[in-house]
Amino acid sequence: MNRLNLLSCSALVACVAAISPSACAQEARAFNIPAGPLGDALNAYATQSDQQILFSSSLVEGLRTQGLRGRYAPADALNRLLAGTGLSGRETRPGVIVLRRAEAAEAPVAANLDDVIVTGTLLRSSGDLASPVIVLDRDALDRRGLGTVAEILVDIPQNYAGSATSVVQATSSDNGGSNQVFSTGVNLRGLGPASTLTLINGRRLAGTGSRAEFADISALPSAAVERVDVLLDGASALYGADAIAGVVNVIMRKRVDGAESRVRVAAARGGGESVIASHLMGQDWETGSAYISYEYEHTNGLSSLDRDYTRDGDLRPFGGSDRRAFNSFPGNIVSFNAATGSYTSLFAIRPDASGSARTAADFAPGAANLQTLSQGVGLVPDLERHSAYARFSQSVGDRLDLTGDVRWSRRVNENLQTPISGVFTVSRANPFFVSPTGAASHTIGYSFAGDLGLPRQHTRAESVAVTFGGVYRFMDAWSLDAYVTGAEERSSPGSTNRVNTRFLAEALGNIPDDPATPYRAAVDGYFNMFGDGTVNGRAVLDFISQGMSRSYSRSRATSANVLAQGPVLSLPGGEVMIAVGAQSRDEFYETRNVALTSTVAPQYSSTPRRGRSISAVFAEARVPLVGPDNAVPGVRSLDLSVAGRYEEYSDFGSTTNPKVGLVWSPIEGLGVRASWGTSFRAGALAQLADAQSASPLFLSRADGSRPLTLSLGGGNPDLEPETSETLTLGIDYRPSGGASVSFNAFDTRFTDRIARPVSENINGALTDPALANFVTFINPAANPADLALIQSYSGFLGFSTLYPLTTYAAIIDSRWVNTGAVRVKGIDLSGRVPLSFAGGRLTLDGSASYLLDYDTQSTPTAPVRSVVGLIGFPSRLRARAGAVWARGDFDVGAHWTHVHAYEDRLGAAIDASNLVDARINWSPTLHGRGGMRLTLAVENLFDEDPPFYNGPLGFGFDGGQASPMGRTVSFQISKRW
């Protein structure tokens, strides 16, 4: 018996599924489908016939249709559209039509319905969902003109890119602080990437980053992706932990019969050049199929020197502040002000023609050499990525279908980091010492950027996952789906060309020559801190620049899942469908670190190996209360869905999460839906057991001074799970003709949210009243108890000896805690209108997400404050709208993306962003052969700079809401062989 495996599960849903397809098939409908590409025609047919069409983009690639006008029965209309294409359709279940090659029509087909993955439900026959789902099919992904699925997901209006992206990581503005390997996560509603569950074919990924608390969507070969579903609703009742803000389910292609190649090149002004090349090849046979996909990406980074608003840290020409500091080259003689806990410059070092200060005349009293600490760092890192995906499917007899897949990715990033700088004591023991006042020693603020260049960050992340499963149809309408899966990610971020302060002390002459090192100051030379960054010899530079750090992390997730589903009861409204299942899941995480920053020998540390086991049982039922046989005026259909999941964790206990949904269709084409449910997230293993860390920062006080502050980080073994409750209400209107409008309102409430409140406003930590509970002001120079407190943190990971212990003025606690509460309310709106225009088809489309409230409470006793439209949180409005015109082999489109104006922490306005992108697609038929597609795309067509933000680190833009890339031009060619 032949079996049809679906390469694509892209479902073009255009009606309330409670409509009886049998009745639809018997009633003539009005169709108005213009001539053109078959894929576009099938899209229009699906919306106008109120049915689902399952087909592969490769199956219809290069095929065209003459179009259709008039009234036809849906089955007759489909046959007319497919005439001469070599394809035919078969109804595999009510309302679902599978396209296949006509030559296979003579043989009976066992349609592999387990391959039809529906996000937002456990049921295959689910009808319309009570929860809103965005579906980005293969054609929509290609038409967007971006290089990867990750870029497209980051760009949707419901996502906030202020965390878990490479730009915010490179510019040190990622509130999460764990993305050292430059992964890309989805951050729906701005609730944090750990609160969005990411799946591949409905299966979990291993966590990424230094805490493994979110999934990396950039690790996938995008050419092998068939569609992406974005569920904008809490779904722990269906999928378990982490599905609080929503679920992103990436559906990979089911089969490839033949081969397909793609090449894409892109470039922006000043850098950011990229090349992406991919190839897929596969084979079908009578009872199964297999294919393999490989993708390569190389991207050149973008330097802060390539943009005016990030070049030198002086933002005054843009209306901002001078963010330059006294740690510079040449340096400054500085003095510590105990009253303010900060340093001030007494003399600016002004070297003579030799490159070094040699007399008292080479100092400028009361002046300061200023330099940005971020000069020359990378805004976008260099990237090299290899990704592969392979899948097979095989039917065994008439009832059993087996499937398996393997995913692998390796990504390497390189970037330039903030140069090492600090304050250092130099005395007469150093032969280059000179004093403008005759003092025996001075404290100098200095940057090593001139001597050593910038530290180089090198990261490597490698992931692999394997899944094997099968579906057994043991009754006519019942099936048993079981699978086992395992995923692992290993990452190793590191940094080299750093100053070892122990070696520096020897090179400055502050300590005697150490016999444990080969360095001898009298022979190899002392370090001259009175120069302009060019006067030190190679031997001393090589010696002090041996500083390095590297961490090694490994996360693993394995699970076994079983799910049975089928009808249990017939009601007047239809069959009651249920699904019941169980899951056993294990998670594991470990990390170890090595550092050579302040000692003679490398120092090693590790986080205790942590793991947990989770057992779960779950169920879902869909009850058709009203259907075609008992419909009444005003109630065309009414479906009730109920789901629940019970999970037991080995490390914190158990949790139960229900979900209820209702879908009502009063008239044809109009659907009203509502859902309510609870969700939860247990703390990531690293959030519970991360090593304690401490690092120095200069933060602003209310009086304008910038005292030295010690920031504490690390895990919290007492974390409780965070819980949430979500209510959604929606209306979907799909009249005949292909137009559609969707409205969705949502209200999500967090309790015990896991967060680091200080990290959300770390630059204002000393002045923000809401963070007062996390700040301790100290005076270790005068108070022995404060000095002992600072000393107690000296063994923490990352503790720096660049500054004397007596110069710290404050301690901020940035460790993980359960905060008070978070509430997010808003609305989503989307629409699509197809029109006939200029001999082609013009499609207007748009989507927007508007936040009514985003309220946070940093502790259970802290006041509630609104942060919507505040830097570090989502803007009140994000929208995207545009038009696509298609005629013959061509289609052209342009879209406008809008981000509403918002404010920084001081109340200064950050202007709205309005960008336009455009693209042209051509799918020619050359010498009677199709299968080729060429795309020219331009992002930020008018090369607009991002709205100005007076960033405290000297970057004049907000990486969470804007990109520094500017106009980016790309060209892609794909060919199916």
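## Nonpolar surface patch

Strand 13 (258–268), strand 46 (890–899), strand 49 (913–922) and strand 51 (968–976) each supply at least two residues of a nonpolar patch, where strands are DSSP runs of E with at least two residues, numbered from the N terminus. The structure is a predicted model, in which local features need pLDDT of at least 70 and side-chain atom pairs count only at pLDDT 80 or more, while totals for chains, interfaces and linings use all residues. Residues are numbered from 1 along each chain as its sequence is written, and side-chain values use heavy atoms, with hydrogens and water left out.

The patch covers about 900 Å² and is made by V263, V265, V275, F890, V892, I920, W922, L926, L936, V969, F971 and I973; patch residues have over 30% relative accessible area and no salt bridge, and nonpolar side chains (Val, Leu, Ile, Met, Phe, Trp, Tyr) are joined within 5 Å. Accessible areas come from the Shrake-Rupley method with a 1.4 Å probe, and a salt bridge is a side-chain nitrogen of Lys or Arg within 4 Å of a carboxyl oxygen of Asp or Glu. Strand 51 gives the most to the patch, with 3 residues. W922, which lies in strand 49, is partly exposed at a relative accessible area of 32%, the term standing for values between buried (under 20%) and exposed (over 50%).

An open sheet with mixed pairing is formed by 4 strands in the order 34-35-40-39, two strands being paired if DSSP finds at least two bridges between them. Strand 34 (693–698) and strand 39 (775–777) are at the edges with a single partner strand each, so one side of each is left without a neighbour in the sheet. Neighbouring strands are turned by 25° against each other on average, direction ignored, with axes fitted as lines to C-alpha atoms. Strand 39 pairs with strand 40 (residues 808–813) in the antiparallel sense over 3 bridges, and T776 has I811 in strand 40 as its bridge partner.

In another open sheet, 5 strands follow the order 19-18-17-24-23 with antiparallel pairing. Strand 18 (residues 342–349) meets strand 19 over 3 antiparallel bridges, with I349 opposite F363.

## Pairings of strand 37

Strand 37 (residues 740–751) pairs in the antiparallel sense with strand 36 (residues 722–733) over 11 bridges, and L727 stands opposite D747. The hairpin of these strands has 6 residues between them, and there G737 takes a positive phi near 105°. Strand 37 also pairs in the antiparallel sense with strand 42 (residues 821–837), over 12 bridges, where G826 is the bridge partner of F746.

Conventions: Axes fitted to C-alpha atoms, helices over the stretch in contact; angles between N-to-C directions. Patch = residues over 30% accessible without salt bridge, like charges linked within 9 Å, V, L, I, M, F, W, Y side chains within 5 Å. Buried < 20%, exposed > 50% of the residue type's maximum accessible area, 1.4 Å probe, protein only.
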